[in-house]
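Subject: Structure handover

Hello,

Please find the structure below.

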There are 2 protein chains.
Amino acid sequence: MSRFDGTREEAERHDRADPLGFLRDRFVHAEPDLLYLDGNSLGRLPADTPEFVADVIRGGWGRGLIRSWNDWIDWNRQIGDRLAEHVLGARPGEVVLSDSTTVNLYKLAWAALDHAPGRRALVVDADDFPTNRYVAQGLARQRGLDLRVVHSDMDRGLDVESLRAVLDDQVALVVLSHVAYRSGALADMAAVNALAREAGALVLWDLSHAAGTVPVRLTEDGADLAVGCTYKYLNGGPGSPAFLYVRRSLQRRLRQPIQGWFGQRDQFAMAPGFDPVDTVDRFLTGTPPMLSTAALVPALALVEEAGVDRLRAKGRLLGELAVDLAARRLAPLGFRLASPEDPDRRGSHVTLWHPDAWRICRALADEAGVVCDYREPDRLRIGPSPAYTRFTDVWDALERTGRLVESGRHTRLPRAKARIT
Amino acid sequence: MSRFDGTREEAERHDRADPLGFLRDRFVHAEPDLLYLDGNSLGRLPADTPEFVADVIRGGWGRGLIRSWNDWIDWNRQIGDRLAEHVLGARPGEVVLSDSTTVNLYKLAWAALDHAPGRRALVVDADDFPTNRYVAQGLARQRGLDLRVVHSDMDRGLDVESLRAVLDDQVALVVLSHVAYRSGALADMAAVNALAREAGALVLWDLSHAAGTVPVRLTEDGADLAVGCTYKYLNGGPGSPAFLYVRRSLQRRLRQPIQGWFGQRDQFAMAPGFDPVDTVDRFLTGTPPMLSTAALVPALALVEEAGVDRLRAKGRLLGELAVDLAARRLAPLGFRLASPEDPDRRGSHVTLWHPDAWRICRALADEAGVVCDYREPDRLRIGPSPAYTRFTDVWDALERTGRLVESGRHTRLPRAKARIT
């Protein structure tokens, strides 16, 4: 039995009862009629961000000039501590903003492999986000390691038992995503960490699709290492800097490969030899991009005000509504759910398979005012970010999708995949 | 015989005759009385930048949302091509914006070491900028290579003969700075490249203190590899993304270690195995920070309009004036030149040694409205960026320095080096 009745009125009732409804106006909606269900690719612009960044440009850079670095030098760590407390369930001094997710993944994976030199294997998920797989492939080749692959289900995610099957005393590191980029499947972090610990391996989590929308409890769940981006549910803007997490007890035992001056003890003494600080800052590299960093400050304030638990509750309900409406309205048109059915096993996005998903995705954006994502193979990825998406947005988007497919208008588009989005 | 007479009137005449005088008003001068001689640490804010970045935030991010990536995805390369043509003397498709200087140095050094697996040594300059030395130290340890050190003179820079002495058929790579961060000494790029080529080694240049103020001729001088930052004389803002250069004939033969999805052929097909593109884009890693990237667009337009040759001519004259005034006004107060005397052997900054340089630098900023840099050991670094610095700024700054030291006010400050700048 569905908890929904499929009507738009019901979606309207959910909007009226939404405790996070007030957040919508804290974001910019330049095209009010646009149904934006791609907050899991690039989160919307918070309303306070333009002025905050403008102040950093005019005040910090323009007026303060080099002197502003006395202040900026601490932002990576300050923002890291806010992420630790409000988003990641970690402790102060365990999270820092740095580089991109890709570069952080490389740094921490390298450090973890150094940590267990006798172990000759690295485990990666065949269905993980490409950059994670590519980085792991590179590391395995560079270091002459055995790359073991766990095959999580493309739609249902990781079965912990299949991970157990590839773990033994040769495995140094397991790289996994907390929320699968394609299906939204949510991995059982505590179970995976416990299993890996039993086998003597470290786990490096990619939290990109989880941070800010799923309660992440790194300390409670016994996490070793994590990385993640900040431009999805954290709304930090295009390419905003990534974060990295290293459990406190591991920090002094790990050395990352890119020995940059931002990881150096007494950085401006510029001593002859590299001597990394004892803190999480040892995983920093070069000078961070401060304009892109600045945009995170107002964005994080919104997530903190909302609270990840409330965002999760709403995100879960938005997802349930999408799944229910997809079953009612879109399944008869050839769609099927390509995400876990159980909302406890999903993050905040929902994926639908359709043989013509590419052209449907294009036509939705070009002709129906609905922006969602296409993902290979043949999947529409719908990411209703709970911070600013209304239940009626989901209802309207799925209704517009149904009408579009019924009309057949998408079939006039070329099949060639010539665009990113 | 000096070409200067030491009077302020002469500096005023140079300002009146300055063909780049018009550029000053294209930059923000929030404190008109501030003498900012630290453009070689963080260049000033171009007047057009706030609005340009604001448009990217409001239009690109706020309105365009994820769709703007169809455009942004090419910016790294487009800006790279502009740098290649107008700043670096390289060809289209040889330069791309990416990560930080530190990360790029690591990537290209790694790739170069892979290129010559039989060679077991890496050469670094003991006086190079810290991050370059630290990255090289890390690579040597990680790969079990011999780290050979060339000792360039702290004040006069690299003697090519001392480099010759450490080169042999074991050397895979030489890492050097084109303009020395401390002294401003300008290395002879063509001679070094020729020498290394003769020995069968590649050279990786750090162009951070050269780009935008010294004509760099990568193609003409036979350069293999280069990296550099964009926040000094290119005025890209705090931590703006770095660039990297790989000579076209080397691109397909080199593989960088951080196999990110931005280097992948047909990136959004998200294929199982890493298969790097054939172009310079193979040296990209993760999602670039677009707000910090955007700030480079108006900044580069100014450098292009001025032309590096004109910037060099003015920068050279500013440096000569500073050296002349330092000899007249400051040498009697205990200063001595800690840069090459010959302007052909210097970039655009000039360094002065004084036993109390740290406190003088602090007092200049706090009490005399002069911002320059302190660098270990006991050096004032004066970087009059030719794009916006007047000859009278240099004259006034050195005069204020003389008065400050005569007054002894700096001696009231603590000796402890508790601040960055």
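Predicted model: local features only at pLDDT ≥ 70, side-chain atom pairs only at ≥ 80, totals over all residues.

Residues are numbered from 1 along each chain as its sequence is written, chains are lettered from A and ligands numbered from 1 in the order in which they are written, and side-chain values use heavy atoms, with hydrogens and water left out.

**The two copies**
Chain B superposes on chain A by a rotation of 180 degrees with 0.0 Å of shift along the axis (RMSD 0.0 Å).

**Cores**
A nonpolar core is a set of buried Ala, Val, Leu, Ile, Met, Phe, Trp, Tyr and Cys residues joined through side-chain atoms within 4.5 Å. Buried means under 20% relative accessible area, exposed over 50%, and partly exposed in between (1.4 Å probe, protein chains only). The largest nonpolar core has 151 residues. Among the members that touch the most others are Leu88(A), Trp205(A) and Trp205(B). Leu88(A) has contacts (heavy atoms within 4.5 Å) that include Leu83(A), Leu207(A) and Phe243(A), not counting residues up to four places away in sequence. A second, separate core of 80 residues includes Val175(A) and Val175(B).

**Helix 13 of chain A**
Helices (H or I, at least four residues) and strands (E, at least two) are DSSP runs, numbered from the N terminus. Gly369(A) follows the helix, with a positive phi near 65 degrees.

**Backbone features**
Glu376(A) and Pro377(A) are joined by a cis peptide bond, with omega about -15 degrees. Pro377(A) sits in the loop between strand 12 and strand 13 of chain A. In chain B, a cis peptide bond joins Glu376(B) and Pro377(B), also with omega about -15 degrees. Asn235(B) is not a glycine, yet its phi is positive, about 60 degrees. Asn235(B) is buried, at 0% relative accessibility.

**Salt bridges**
A salt bridge is a side-chain nitrogen of Lys or Arg within 4 Å of a carboxyl oxygen of Asp or Glu. The whole structure has 80 of them over all chains.
- Asp356(A) pairs with Arg359(A), the closest N and O atoms being 3.0 Å apart. Asp356(A) is buried at 12%, and Arg359(A) is buried at 6%.
- Arg265(A) pairs with Asp275(A), with the closest N and O atoms 2.9 Å apart. This pair ties together parts that are 10 residues apart in sequence.
- Arg403(A) pairs with Glu399(A), with the closest N and O atoms 3.0 Å apart. The two are 4 residues apart in helix 14 of chain A, about one helical turn. Arg403(A) is exposed at 54%, whereas Glu399(A) is buried at 15%.

Glu10(B) is buried yet has no salt bridge. Arg13(B), the nearest side chain of opposite charge, is 4.5 Å away.

Best wishes

Technical notes
Least-squares fit on C-alpha atoms with pLDDT ≥ 70 in both. Lys, Arg positive; Asp, Glu negative; His and termini not counted.
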